[in-house]
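I opened this model with my notebook beside me and a few things to look up. Here are my entries, in the order I made them.

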Amino acid sequence: MQVRLNGELREIPDGLTVGGLLAHLGVKAPRVAVEVNETVVTKDRYEAQKIGPGDSVEIVAFVGGG
Amino acid sequence: MADGWSIGKHAFTSRLLVGTGKYPDFPTMQRALAASGAEVVTVAVRRLDLSKKGSESLLAWIPAGMTLLPNTAACFTAEEAIRTARLGRELEMGDLVKLEVIGDRRTLFPDVEGLVAAARVLAKEGFTVLPYTNDDPVTAKKLEDAGCAAVMPLGAPIGSGLGIRNPYNLRIIMETVKIPVLVDAGVGTASDAAVAMELGAVAVLMNTAIAEAKDPVLMAEAMRAGVEAGRKAFLAGRIPMKLHASASSPMTGLIGIGSSS
């Protein structure tokens, strides 16, 4: 299915949870935060929250800033 | 004697807060952060580069024990800033946020309307909100009323190094609000940091002045000393300015002046 991932359209396997998507992408969970359709998904909901077709997913981390 | 200060439930000793952007490399940043003596460091929230797996993490280079202050830099609307603050909280699991809502790309001056609106929402959600704002006392009061834990008026535009451009407005802000006033942005060198502290600022936040100095580690030491000197001068109470001289040595008992006649 197609989702918008960090602003770009991307094909991912159907039925992934947030935790599944992070594993699929090879992202280490403790250092990132995830938003699905503009709502933060807290870490305790990574395995419960499913991603659907057309969802907008943001995966962010800390970078240097002032 | 300890001269601490606090924002919300967080207590600190150092009155210098520093950023983590623009350093030539992470090792230099790490040494500069340590040299600054700062207890609080700002960080930005950005999309993870999914093409660069295993890229170096900023967090590994921030000395242990420092408090992270996530910012909402480069957000141009209240909505973006609120979303970014929530993501920052999820990353940090803390309640602090340096709230920025920018109104203009060239000057990076705040959009104070969006800033107050975002501050109100985030304060209600339990954030300890530290808004980067204009040197405008009316806005500072609105931010206090919105539930902010401190206000952080600019000394000059972000990264400009122009120093404290409007000391009088900063003083009026300090008279106007009861929450701590931190000077954020504009500092260019150690004397600027001292000026901010002499005016009565609770603390100073800076990034570029250290990160882009020729020797960031030495400048971090200078800023630490400047902030400490300015704080002590503020507490000590400076003399009033006078137009004419007031001799430091006695004007009597001078040799060669006859008492005859």
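**Entry: B:Thr28.** I found B:Thr28 in helix H1 of chain B, residues 26–36; helices here are DSSP runs of H or I with at least four residues, strands are E runs of at least two, and both are numbered from the N terminus. B:Thr28 has a relative accessible area of 11%, so I noted it as buried. The scale is under 20% relative accessible area for buried, over 50% for exposed and partly exposed in between, with a 1.4 Å probe and protein chains only. Leaving aside neighbours within four places in sequence, B:Thr28 is in contact with B:Tyr23, B:Pro216 and B:Val217, where contact means heavy atoms within 4.5 Å.

**Entry: ground rules.** I am reading a predicted model, in which local features need pLDDT of at least 70, side-chain atom pairs count only at pLDDT 80 or more, and totals for chains, interfaces and linings use all residues. Residues are numbered from 1 along each chain as its sequence is written, chains are lettered from A and ligands numbered from 1 in the order in which they are written, and side-chain values use heavy atoms, with hydrogens and water left out.

**Entry: the cores.** Which residues touch the most other members of the largest nonpolar core? I got B:Ile62, B:Val129, B:Met206, B:Ile210 and B:Met223, in a core of 68 residues. Such a core is a set of buried Ala, Val, Leu, Ile, Met, Phe, Trp, Tyr and Cys residues joined through side-chain atoms within 4.5 Å. Another core, of 19 residues, lies apart from that one and includes A:Val18 and A:Ile51. I then checked B:Ile62: beyond four places in sequence, its contacts are B:Thr20, B:Met29, B:Leu33, B:Val41, B:Val43 and B:Leu68.

**Entry: helix packing.** In chain B, the axes of H3 (residues 112–124) and H4 (residues 137–145) come within 9 Å and cross at roughly 15°. That makes H3(B) roughly parallel to H4(B). For the record, angles under 35 degrees count as roughly parallel, over 145 as roughly antiparallel, 65 to 115 as roughly perpendicular and the rest as oblique. Axes are lines fitted to C-alpha atoms, for helices over the stretch in contact, with angles from 0 to 180 degrees between N-to-C directions. On the H3(B) side I listed B:Val112, B:Leu115, B:Val116 and B:Ala119, and they meet B:Thr139, B:Lys142 and B:Leu143 of H4(B).

H2(B) and H3(B) have axes 9 Å apart and pack at about 35°. Among the residues making that contact are B:Ile82 and B:Arg86 of H2(B) and B:Val121 and B:Leu122 of H3(B).

**Entry: B:Glu92.** B:Glu92 belongs to helix H2 (residues 78–92) of chain B. I marked B:Glu92 as partly exposed, because its relative accessibility is 26%. Beyond four places in sequence, its contacts are A:Phe62, B:Leu68 and B:Pro70.

**Entry: cysteines.** How many disulfides are there over all chains? My search of the whole structure gave zero, using the cut-off of two cysteine sulfur atoms within 2.5 Å. B:Cys75 is buried at 5%, and B:Cys148 is buried at 4%.

**Entry: B:Pro157.** I located B:Pro157 in the loop between strand S8 (152–153) and helix H5 (167–176) of chain B. B:Pro157 and B:Gly186 are 29 residues apart in sequence, yet 5.3 Å apart from C-alpha to C-alpha. B:Pro157 is partly exposed, at 21%.
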